[in-house]
Amino acid sequence: MRLVLLRQDLSAKTHSVKSQKLPCVAWSGVSKRIPVLLFCAEAIVSKDVAIRSVGEKYNLAFKIVRTESRLVRGILVNHGFHEVHPNSNDFNLMWTGSHLKPYLLRSLQDFQKVNHFPRSFELTRKDRLYKNIQRMQQTHGFQNFHIVPQTFVLPAEYQEFSSSFSKDKGAWIIKPVASSRGRGIYLVSSPSQIPLDENILVSRYISNPLLIDGFKFDVRLYVLVTSYDPLLIYLYEEGLARFATVKYDHATANIKNQFMHLTNYSVNKKSSDYVSCDDPEVEDYGNKWSMSAMLRYLRQEGKDTTLLMGQIEDLIVKALLSAEIHIATACKMFVPHRCNCFELYGFDVLIDSNLKPWLLEVNLSPSLACDAPLDLKIKASMISDMFSLVGKFPFPTGSESQSTMPKMKRIVQISFDYILKA
Ligand code: ADP
């Protein structure tokens, strides 16, 4: 297995002459005749008529199904896409909150895209993620895939858990197998505190988190996959550091304090100590920082953040590799065209005091809520870059048949790093 880190091909940028006629359009293909839509995050606030004309010219359509995303809708509408009914088949892009049934995937045409791969739950369900990584540990060496805390699926693995616990007593963290936002999560210090009649995960608690000003935090990274065969992964350059609201103290007496041990925004926003920041330009204030502000802080503290980010990229690639076989196989079975699916995952990473990153989970449909101005600043750029990368196919209408319509191709934006597994 060879892992290569490549920088992006910026060729689309050098062919921007024609794009001066139409804003947000670059031209690709051998004779530079294929229009490629470049999304710009500013459109979300500026509502520029010229930008809107692009989607209108190509009659681009989208639908949003079983989810609500003001950000996605706002960006698409402001680029001139029109929204069609969730039951309509006349769409270029379908943004859905859940997986598509196989028969719906099979009916996709080559210019249509959906924001999920089949069987992504192999990554995004906590129990499946752990099992897939455990399989990689067994086949490729434990140390090479030591990227997640040791975990047991209960009740099936209760015996194994008990024997691990008796060897090394310490706190463990209990999680429902398929939940999110900190729901149902709590710490235990003894197996007797664990219910035996529920399907749960029990993970070794990382009791030495890296602290900033005494607070525990984790990092949300945005990872885009445009293909599983070959595996093409993009990591967005910016992310979010989410802080707990109570200073960290690992004395057992505090074990029940969620505001100290859990870093979820949905948990900590309920705390009266939660501090939000109203200025998008201030990225290192309150309980949510930009990832780059967090990295700057660590650099000033003398930490090797280049090494840290390298390890985080490594962890992301390895997690995706562990699920690759399942998802690539499902794509072969259900997905009719190579470019039909893409997916944005939210990777949650905890860094320990030795600067080792641990993968906590991979989120399906990471939150695109913009409660704070910093959220909008980061997420609007990230979603715009994602749509630019994914590329758009014009929707055929009227006399223009699909074969005569130019097809959009994938392009790469500057702010994504490009990680390729070859
Ligand atoms: P959810 O999907 O509900 O957000 P997570 O696995 O992300 O579940 O866990 C929620 C929070 O609990 C994390 O953001 C982190 O702060 C804390 N946490 C989870 N697992 C561990 C662990 N093994 N060690 C230390 N803290 C953890």
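Modeller: Contact here means heavy atoms within 4.5 Å. Helices (H or I, at least four residues) and strands (E, at least two) are DSSP runs, numbered from the N terminus. The model is predicted: local features need pLDDT of at least 70 and side-chain atom pairs count only at pLDDT 80 or more, while totals for chains, interfaces and linings use all residues. Residues are numbered from 1 along each chain as its sequence is written, and side-chain values use heavy atoms, with hydrogens and water left out.

The sheet is open and has four strands in the order β8-β11-β9-β10, with antiparallel pairing; two strands count as paired if DSSP finds at least two bridges between them. At its edges stand β8 (151-154) and β10 (186-188); each has a single partner strand, so one side of each is left without a neighbour in the sheet. From one strand to the next, the twist averages 30°. Five bridges join β9 and β11 in the antiparallel sense, and Ile-173 faces Ser-203 of β11.

Two helices accompany these strands. Helix α7 lies across β8, β9 and β11 and runs at about 130° to β8. Helix α8 (residues 158-167) packs on the sheet and touches β8, β9 and β11, its direction making about 140° with that of β8. For these angles, axes are lines fitted to C-alpha atoms, for helices over the stretch in contact, and values run from 0 to 180 degrees between N-to-C directions.

A cavity is a set of points, on a 1 Å grid over the protein atoms alone, where a 1.4 Å probe fits but cannot get out; lining residues have an atom within 4 Å of a point. Grid points are joined across faces, edges and corners, and a volume is the space filled by probe spheres set on the points. One cavity of 30 Å³ or more is counted, and the largest cavity holds about 420 Å³. Its lining comprises 30 residues, with Ile-173, Lys-175, Ile-185, Leu-360 and Glu-361 nearest the centre. The lining residues divide into 13 nonpolar, eight polar and nine charged, where Ala, Val, Leu, Ile, Met, Phe, Trp, Tyr, Cys and Pro count as nonpolar, Asp, Glu, Lys and Arg as charged, and the others, Gly among them, as polar.

Technical notes
On a 1 Å grid over the protein atoms alone, a cavity is a set of points where a 1.4 Å probe fits but cannot get out, and a pocket is an open set with protein on both sides within 12 Å along at least five of seven lines; lining residues have an atom within 4 Å of a point.
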